[in-house]
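This briefing describes how one protein chain is arranged, from its overall layout to single residues. Please keep the sequence and the three-dimensional view at hand while reading.

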Amino acid sequence: MSYLYEDLPARDHIAPKTTYPMWTFRPDNLVLACYACNSDRKKAYDPISARHRKYRRCQFSIVHPYFDRPGAHLDYAIGGPRAILIAGITDKGKETIRLFDLMSPERAKQRAAEALVEELPNRLQRQFQEMYVPVVRSHAPLKPATRIAPTGA
């Protein structure tokens, strides 16, 4: 997972509306996408490998965000809940990585930066709790704060 940084992300059709106009307005065929994924990478790519008259019965060559469990197709490593390195487990996973260039150095660096920034508040919260919780649990009377005399004047 990666953050969507665009102020106005694109609404992308998983199955292209030019090829499959009957699914243009299906909610499960629409996703928010950044410009790079929608325009630079996916373009008019047709992810349907086996077509069926019912959208849900089609077979997709990439991980479908609503129908597939990403963890069944993609292996995430490093970064705890925020993955930095991604590997394809299945052909679907490998095709998703290839199509969206998920392992390019730029994308991996972006995910690493996101993991560090997201971890910072958690680390600060833990430090605060390590100092605060023992004081609260001790039930000892708190000392009033020491007044610091102004300097200068």
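Read from the N terminus, the elements of the protein chain follow the order β-β-α-β-β-α-β-β-α-α, which amounts to four helices and six strands. Helices (H or I, at least four residues) and strands (E, at least two) are DSSP runs, numbered from the N terminus. The model is a predicted one, in which local features need pLDDT of at least 70 and side-chain atom pairs count only at pLDDT 80 or more, while totals for chains, interfaces and linings use all residues. Residues are numbered from 1 along each chain as its sequence is written, and side-chain values use heavy atoms, with hydrogens and water left out.

**The chain as a whole**

- Of the 153 residues in the protein chain, 31% are buried; buried means under 20% relative accessible area, exposed means over 50%, and partly exposed lies in between (1.4 Å probe, protein chains only).
- Among contacts in the protein chain with a separation of 6 or more, 51% join residues 24 or more positions apart; a contact means heavy atoms within 4.5 Å.

**Nonpolar cores**

- In soluble globular proteins, nonpolar side chains tend to be buried together.
- A nonpolar core is a set of buried Ala, Val, Leu, Ile, Met, Phe, Trp, Tyr and Cys residues joined through side-chain atoms within 4.5 Å.
- The largest nonpolar core here has eleven residues, including Cys34, Cys37, Tyr45, Ile62 and Phe100.
- Helix H3 (residues 91–100) supplies the largest share of this core, namely three residues.
- Another core lies apart from it and has nine residues, among them Ala15, Ile48, Cys58 and Phe60.

**Helix H1 and cysteine 37**

- Helix H1 (residues 35–42) has Cys37, Asn38 and Lys42 as its buried residues.
- These residues lie on the same side of H1, because they cover an arc of only 95° around the axis; the arc is that of the directions from the helix axis to the C-beta atoms.
- Cysteine 37 belongs to helix H1 and is buried, its relative accessible area being 16%.
- When residues up to four places away in sequence are not counted, cysteine 37 touches Lys42, Phe100 and Arg107.
- Cysteine 37 and phenylalanine 100 are 63 residues apart along the chain, yet their C-alpha atoms are separated by 5.9 Å.

**Helix H3 and glutamate 95**

- Helix H3 is largely enclosed by the rest of the structure, because seven of its ten residues are buried.
- The buried residues of H3 are Lys92, Gly93, Glu95, Thr96, Ile97, Leu99 and Phe100.
- Glutamate 95 is situated in helix H3 and counts as buried at 18% relative accessibility.
- Glutamate 95 touches Tyr45, Ser61 and Ile62, again not counting residues up to four places away in sequence.

**Residues that follow the helices**

- Lysine 43 follows H1 and has a positive phi of about 45° although it is not a glycine.
- Lysine 43 lies in the loop between H1 and strand S3 (48–50) and is exposed, with a relative accessible area of 58%.
- Aspartate 101 follows H3 and has a positive phi of about 55°, although it is not a glycine either.
- Aspartate 101 is placed in the loop between H3 and helix H4 (105–138) and is partly exposed, with a relative accessible area of 31%.

**Arginine 107 in helix H4**

- Arginine 107 is located in helix H4 and is buried, with a relative accessible area of 16%.
- Leaving aside neighbours within four places in sequence, arginine 107 is in contact with Ala36, Cys37, Arg41, Phe100, Asp101 and Leu102.

**The second largest pocket**

- The second largest pocket holds about 150 Å³ of space. On a 1 Å grid over the protein atoms alone, a pocket is an open set of points where a 1.4 Å probe fits, with protein on both sides within 12 Å along at least five of seven lines, and lining residues have an atom within 4 Å of a point.
- Its volume is the space filled by probe spheres set on the points, and grid points are joined across faces, edges and corners.
- The lining consists of Arg11, Asp12, His13, Pro16, Lys17, Thr18, Lys42, Lys43 and Ala44.
- Strand S1 (residues 10–13) gives the most to this lining, with three residues.
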